[in-house]
Amino acid sequence: MLLSGDNTNDIERVGAILRAGGLAAIPTETVYGLAANALDGPAVKRIFAAKGRPSDNPLIVHICRFDQLAPLVREVPEAAEKLAKAFWPGPLTMILPKSALVPEEVSGGLDTVAVRFPSHPAAQAVIRAAGVPLAAPSANLSGRPSPTTFAHVKADLTGRVEALLDGGDCQVGVESTVITLAEEPPRLLRPGGITLGQLQAVLGRVEVDPAVLHRLEEGKKAASPGMKYKHYAPKADVVLVDASPEEYSNYVNQKDGCHALCFEEDRSFLQRPFLSYGSRYDSKIQAQRLFSALHELDLLGAEKVYAHLPSKRGVGLAVYNRLIRAAGFQVEVPGEHFVVGLVGPSGAGKSTVSGFLKEAGWAVIDCDALTRSPAVYNAACILELQEAFGEEVAPGSVLDRKALAKSAFSSPEGKKRLEEIVFPQITRAVREKIGAALAGGFRIVALDAPTLFEAGLDSVCGKILAVTAPEEVRLERILRRDGITEEQARLRLAAQKNESFYTDRADFVIENGGDADLRDQLAPVLEDVNGDGGELPL
Ligand code: TXA
Ligand code: MG
């Protein structure tokens with residue numbers, strides 16, 4: 001029976017089906033769920049049969065009021081209250097020691113229970129209509145990608161359940177964040193829409209279960225049984241590729257008969273059929289689209305898929321966690337070398353960080369210095385500038401920077417024209433420098449580039465490293481370094497991109513406020529870039 005989440009009669013019908021021991025697929029903000037009365041053991045048992053799910057994999061119990069939590073657990077600790085206050089209703093599941101009310105079938109033999117208060121209005125309305133908490137795993141057949149649209153649910157579950165309730169597309173797109181509070185310190189078992197950083201901001205210390213990033217070792221017990229099963233797999237063989245947009249695309253272009261699961265930034269370089277799952281810099285959109293993209297690759301009949309490795313920061317950790325499972329932990333790194341973009345606002349202390357990176361054996365290219373060198377302003381470039389801004393910007397073919405700045409920055413069009421002329425030259429000069437560094441035996445090259453994104457240099461970077469510092473600290477540094485007045489320094493900072501412009505795009509963020517130990521902060525970055533790519537950045 002196909003029903004609508006917008007229709008109150010339909011909601012009541014689903015409530016009645018569930019109360020009577022039936023099954024229904026229902027929307028939530030994360031993914032669709034396959035629900036049954038959580039307090040009815042035999043009803044819950046039917047979920048496992050409908051999904052083809054191993055019975056030792058426990059289910060999440062969904063509630064629609066905070067006070068429904070207490071009867072399900074032995075006690076409600078302060079940490080649970082704090083998390084609920086911060087993130088409920090929403091995409092967070094908490095694991096706590098269970099009460100006798102929770103049937104064996106729900107907890108899969110464990111003495112804990114997972115509880116979530118979803119924010120989707122139709123999910124809340126169904127739980128209210130049923131009058132009982134609902135046990136609900138994702139509404140996919142076991143092992144398949146989770147359903148994020150009603151079409152996915154129909155494809156997997158038609159004929160297997162009493163009702164399918166349409167609630168539109170899921171906004172978060174990946175399953176809820178799962179944290180266990182049954183142990184000290186609290187531990188992240190599954191990343192999702194609520195990020196590790198958000199949890200740490202509320203609880204302080206939160207550990208990350210090894211299964212979040214790594215393949216579970218043979219014979220090891222999974223803290224969250226769901227993590228031990230092959231998961232999220234489309235029919236195609238998926239391989240993750242850890243590379244810059246250019247390198248990723250070159251690699252994929254050499255492969256026959258494959259599909260690319262790529263970012264927006266890769267599209268212009270790709271010559272193979274591709275499906276983009278969002279901007280490289282927008283983990284939330286990637287999360288929203290990932291499962292849909294995996295379903296679509298199935299529909300396209302894709303057999304081999306090369307997916308561009310996502311960032312692991314913020315919601316990115318959830319995207320990475322799902323994709324690495326879809327890929328059966330296969331990651332390829334094309335090429336022998338790696339380019340890292342080093343960005344951040346003025347005064348953040350990028351040079352200090354550069355120093356440490358050089359010490360660690362990286363080549364660092366100072367793109368700012370390069371920009372002021374004849375390598376960029378060659379004869380062809382000078383000629384173009386003269387054509388655009390007049391002979392006087394380079395009398396006798398010698399660049400007069402002041403005259404150029406005066407002329408080019410007098411209007412937005414002038415600035416744009418200047419960039420059109422100069423950015424390709426910068427890119428060319430930087431490429432030459434990268435080539436020289438590699439020829440000189442370096443394997444990792446950092447580009448210290450204030451306008452990395454504006455110049456399009458990010459397309460050669462496999463990772464982005466942002467350096468930040470509090471504004472007052474940056475001001476202080478600029479004053480000391482450049483010998484300008486405070487007013488001039490403030491103007492300069494105000495004219496620049498704000499810090500989030502850089503951190504939003506970064507794979508790693510180094511806080512260089514002064515007292516923090518940069519070496520400690522850089523250790524995981526070095527490990528990630530030098531090593532197997534499996535470490536957690538910060
Ligand atoms: O967003 C979600 O959480 C979706 C929607 C429908 O709410 N549900 C969902 O359920 O993803 P499911 O069953 O696909 O994933 C539940 C995860 C599994 O990895 C399971 O092993 C884990 O939570 N889990 C459940 N109870 C647990 C427990 N007591 N201890 C440890 N892990 C538990
Ligand atoms: Mg699932």
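Tutor: Contact here means heavy atoms within 4.5 Å. The model is predicted, with local features requiring pLDDT of at least 70, side-chain atom pairs pLDDT 80 or more, and totals for chains, interfaces and linings using all residues. Residues are numbered from 1 along each chain as written, chains are lettered from A and ligands numbered from 1 in written order, and side-chain values use heavy atoms, without hydrogens or water.

Let us begin with Met94. Apart from neighbours within four places in sequence, Met94 is in contact with Ala80, Leu83, Ala84 and Trp88, with Val113, Ala114 and Val115, and with Ile179 and Leu181. Met94 and Trp88, together with Leu92, Leu199 and Leu261, touch the most other members of the largest nonpolar core, which holds 77 residues. Such a core joins buried Ala, Val, Leu, Ile, Met, Phe, Trp, Tyr and Cys residues through side-chain atoms within 4.5 Å; buried means under 20% relative accessible area, against over 50% for exposed and partly exposed in between (1.4 Å probe, protein chains only). Helix α10 (residues 316-326) supplies the largest share of this core, seven residues. A second, separate core of 42 residues includes Cys381, Leu404, Ala408 and Ala437.

Ser176 counts as buried because its relative accessibility is 2%.

Ser176 sits in the loop between β8 and β9 (177-180), and both strands belong to an open sheet of 11 strands with mixed pairing. Strands (E, at least two residues) and helices (H or I, at least four) are DSSP runs numbered from the N terminus, and two strands pair if DSSP finds at least two bridges between them. The sheet order is β1-β8-β2-β3-β7-β4-β6-β5-β9-β10-β11, with β1 (2-4) and β11 (207-208) at the edges, each pairing on one side only. Within the sheet, β3 and β7 pair in the antiparallel sense over two bridges, and Ala36 stands opposite Ala135 in β7.
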